[in-house]
Amino acid sequence: QHSQRLPKGTFRTAWGGDRIQFLDIYKGLAILLVVIGHLEISDSLYKYIYMFHMYAFFFAAGITFKINKSKTFIQFLKKNISRLYIPYLFLLLCGT
């Protein structure tokens with residue numbers, strides 16, 4: 001179990017994972033901007049939100065990306081293709 005103290009600004013979830021509070025708030029705001037961007041809003045606000053809202057998610061993903069040095073690049077690709085691309089293809093075929 002986890003008995004060590006967590007750094008300030010982090011918390012432990014019910015399933016045992018550690019979360020970074022400011023990053024959760026950041027992602028929540030980014031999600032809110034996506035929702036606002038899909039509403040009927042002024043053209044200038046729409047353009048402003050669409051300038052950066054997807055990049056905000058890429059930024060958050062980059063911060064939390066963990067490099068596993070014990071795996072090769074080929075192992076990394078195999079894992080992510082089976083985890084992401086195969087379900088994507090399945091859903092794509094179901095939708096057509």
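A salt bridge, as the term is used here, is a side-chain nitrogen of Lys or Arg within 4 Å of a carboxyl oxygen of Asp or Glu. The model before you is predicted, so local features need pLDDT of at least 70, side-chain atom pairs count only at pLDDT 80 or more, and totals for chains, interfaces and linings use all residues. Residues are numbered from 1 along each chain as its sequence is written, and side-chain values use heavy atoms, with hydrogens and water left out.

The structure holds one salt bridge. The partners are aspartate 43 and lysine 47, at 3.4 Å from N to O. Because these residues lie four apart in helix H2, about one helical turn separates them. Helices here are DSSP runs (H or I, at least four residues), numbered from the N terminus.

I turn now to the helix packing. H1, residues 21–37, packs on H2 at an angle of about 150°, and the axes are 9 Å apart. Axes are lines fitted to C-alpha atoms over the stretch in contact, and angles run from 0 to 180 degrees between N-to-C directions. H1 is therefore roughly antiparallel to H2, a label for angles over 145 degrees. The residues in contact (heavy atoms within 4.5 Å) include Leu23, Tyr26 and Ala30 of H1, and Tyr46, Ile49 and Phe52 of H2.

Finally, phenylalanine 65 is found in the loop between helix H2 (43–64) and helix H3 (73–94).

Note on methods. Helix = DSSP H or I, 4+ residues; strand = E, 2+ residues; numbered from the N terminus. Parallel < 35°, antiparallel > 145°, perpendicular 65-115°, else oblique.
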